[in-house]
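Please examine the sequence and the structure before reading each solution.

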Amino acid sequence: MTLVPEKWKGLRESSDFVCYEHPTNNDSIFIGYFHSLMEPKVLHDHILGPLSNDSTLSFNELYRSIPVGEKEIVYDWDTIQNKLLRGYVAIQFGLQNEQCMVVNATASRGRSISTPEIEFTVEGPKEAFVESLDMNLNLIRKRVPFPELRIKEFEVGELSKARVAVCYIKGLTNEQYLNTCIQRITDIQFDQITNITILQQMIEDNSNTVFPLTIGTERPDYVAWAVSSGQIIVLMDGSPIAVFAPVNLGVFFITFEDYYLPWIVGSILRIIRMSSVLFSVFASPLYIAVMTYHGQGISNVFLPTIVSSRINVPFPPFVEVLILELVIELLREAGARLPTKIGQTIGIVGGIVLGTAAVEAALTSNFLLIIVALSALASFTTPIFRMSATIRLLRFPFILAAQLGGLLGIFICTIAIFAHLLRLTSLGMPYLVPFYPFRSSDAYDTLIRPSYSKFHHRLSYFRSQKPVRFDKKQGKRKKDIDE
C-alpha cells in the first residue's frame with residue numbers, strides 16, 4: 001500500500017484525488033492534487049521537471065526552481081485543503097512534515113469572452129463578463145487602469161467556498177457604504193451559494209420587497225462607470241454578472257447606451273422608456289376603473305367603439321382584464337423556458353391565435369386586447385430584468401385596487417407603493433433619492449441625460465470622497481488649434 005501523509009488519507013476517498021510518492025536522495029516527496037481541477041502541463045513541465053532533473057533538491061531549492069508565480073509555503077491543513085480544492089498542487093517533504101508547498105496549477109476551463117446577450121449594445125463595446133472571476137477582474141482593470149482601484153477577495157458558503165471579489169476606488173468610494181457591503185458579505189451564514197444572484201439577495205437592505213435594491217450587469221463598461229462614480233462592485237467566481245450598489249430607483253430605467261448617444265437623443269429615449277413603464281402599470285387598472293365606476297368620463301367619440309366591442313362580452317371588466325393578463329404571463333413564461341427558436345414561435349403564434357380566439361369567443365373586447373398588448377410591450381422597455389419582473393407584478397395589486405375603489409383605489413394603491421418606497425434603502429442610501437430627500441443638483445441625470453459638460457460633479461448621494469470630476473469653467477471651454 002502506498003504511503004501518504006496522514007491528513008491526506010481522507011481526500012483519497014475521492015477518485016479524482018491523486019497522491020503519490022516521488023523518491024529522492026534526501027527524503028520522499030509526496031505530491032497531491034485533484035486531477036479534475038488542475039492543468040497537467042503545469043505539473044509535468046514546472047514541478048516534475050525540476051524534480052526529474054535533480055533528485056537532490058532540498059525543499060527550499062525546489063521552491064526556488066519551480067517557475068510558477070503563485071506558490072507559497074503553508075503550515076495550516078485547512079489552508080492546504082482549500083488550495084487543493086482550487087486546483088493547486090501540494091508538495092510535502094516526508095510523512096510527518098507540517099510544512100507544505102502549494103503551487104497554482106488551476107486549469108482555465110470555460111467559455112471565452114463574447115458579446116453581451118442580455119444588455120445588447122449597438123455603439124458600445126462588444127465584451128461581456130464570463131464565469132471566470134480572474135478574467136472579469138481583467139476586464140475591469142483594463143478599463144480602470146488606476147492604482148487606487150482596490151480588489152478584496154472573500155470566501156462565502158460553507159460548502160460552495162465561492163470566491164467573491166469587492167472592487168472599489170480607495171479615496172473615492174464612501175467608507176461607510178464599503179464597510180456595510182463587506183460586513184454583509186462576511187456575515188453570510190449559508191452553506192451553498194451557487195450564483196451571485198443568491199448573494200445579491202443576501203446583501204440587500206430589505207428582503208421583503210419586490211423592488212431590486214442592487215443592479216446586476218454583464219457589461220464591463222457599465223461597471224467601470226459605476227466604480228468611477230463611487231459605487232461598489234461585487235463579483236463572484238462562476239457568475240457572468242457583476243452587482244453594484246448603492247443604487248436608487250431611477251437608475252433601473254436607464255441604459256448605459258444612453259451615454260453613447262447624443263444627450264438630446266439619449267434624454268428623449270429615457271423619457272419614452274419611463275413613460276412606457278407608467279403606461280404598463282396603469283393602463284389595465286384605468287380601464288377597469290373607468291368601465292366599472294367612471295363610465296360618464298368616457299368621451300362621446302370613443303363611447304360607441306367601446307360599447308360595440310363589449311356588447312357580447314359576458315364578463316365584467318375585472319375578469320376580462322385578468323383573463324388577458326394571465327394569458328400574457330403564460331406566454332411569457334412559456335417563451336422564456338423553451339429553446340430560443342421555439343420560444344419565439346410560441347410567443348408570436350400563441351399571441352395571435354389566442355388573442356383572435358378570445359375576441360371571437362366573446363371572452364374579451366378588441367379595445368382591451370389592444371391595451372393589454374401595448375401594456376405588455378411597454379413593460380419590455382425596462383432595461384433591467386429584475387425591475388421588469390417587478391413592473392409585471394405591480395399591475396395586479398393596481399388591478400385589484402381599481403376593481404374595489406375605481407380611481408380612488410388606484411390613488412390609494414399608489415400612495416401605499418410610495419410609502420413602501422420611502423422606507424427602502426440601498427446600503428443605507430435612500431431609494432428615492434434625489435427626489436426624496438430632494439436634491440436639485442442631482443436630478444440632472446435621472447429624467448434626462450445631460451451633456452458631459454454638466455458632469456463636473458459626481459452625484460452627491462453616493463457621498464464620494466472626491467465629489468469633483470473636473471473644473472466647471474475649464475470644462476465649458478472649447479479650444480481651437482492655433483494655425
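**Exercise 1: The largest cavity**

Determine how the residues that line the largest cavity divide by class.

Solution. The model is a predicted one. The lining of the largest cavity comprises 11 nonpolar, 6 polar and 3 charged residues. Next, consider the space: the largest cavity holds about 250 Å³. Of the 20 lining residues, those closest to the centre of this cavity are Trp 225, Tyr 259, Asp 445, Leu 459 and Phe 462.

**Exercise 2: The second largest cavity**

State which strand gives the most residues to the lining of the second largest cavity.

Solution. Step 2: list the lining, which is made up of Cys 181, Ile 203, Thr 214, Ile 232, Val 234, Val 243, Phe 244, Ala 245 and Leu 427. Step 3: identify the strands. At least two lining residues come from each of strand S9 (232-236) and strand S10 (242-245). Step 4: S10 gives the most, with 3 residues. By class, this lining contains 8 nonpolar residues, 1 polar residue and no charged residues.

**Exercise 3: The nonpolar cores**

Solution. Step 1: the largest nonpolar core has 90 residues, and Ile 185, Ile 233, Leu 235, Met 387 and Tyr 431 touch the most other members. Step 3: examine one member. Leaving aside residues up to four places away in sequence, Ile 233 touches Ala 165, Val 166, Cys 167, Val 223, Ala 226, Val 227, Ala 242, Val 243 and Phe 244. Step 4: another core, of 20 residues, lies apart from the largest one and includes Ile 31, Leu 51, Val 68 and Ala 105. As background, nonpolar side chains tend to be buried together in soluble globular proteins.

**Exercise 4: The cysteines**

Are Cys 19 and Cys 167 buried or exposed, and how many disulfides are counted?

Solution. Step 1: a disulfide requires two cysteine sulfur atoms within 2.5 Å, and the count comes to 0. Step 2: for Cys 19, the nearest cysteine sulfur belongs to Cys 100 and is 10 Å away. Cys 19 has a relative accessible area of 9% and is therefore buried, the cut-off being under 20%. Step 3: for Cys 167, the nearest cysteine sulfur is that of Cys 181, 10 Å away. Cys 167 is likewise buried, because its relative accessible area is 1%.

How values were computed:
Residues numbered from 1 in each chain as written. Predicted model: local features only at pLDDT ≥ 70, side-chain atom pairs only at ≥ 80, totals over all residues. Heavy atoms only, no water. 1 Å grid on protein atoms, 1.4 Å probe; cavity = no way out; pocket = protein on both sides within 12 Å on 5 of 7 lines; lining within 4 Å. Points joined across faces, edges and corners; volume = space filled by probe spheres on them. Nonpolar A, V, L, I, M, F, W, Y, C, P; charged D, E, K, R; others polar. Helix = DSSP H or I, 4+ residues; strand = E, 2+ residues; numbered from the N terminus. Core = buried A, V, L, I, M, F, W, Y, C linked by side-chain atoms within 4.5 Å. Buried < 20%, exposed > 50% of the residue type's maximum accessible area, 1.4 Å probe, protein only. Contact = heavy atoms within 4.5 Å.
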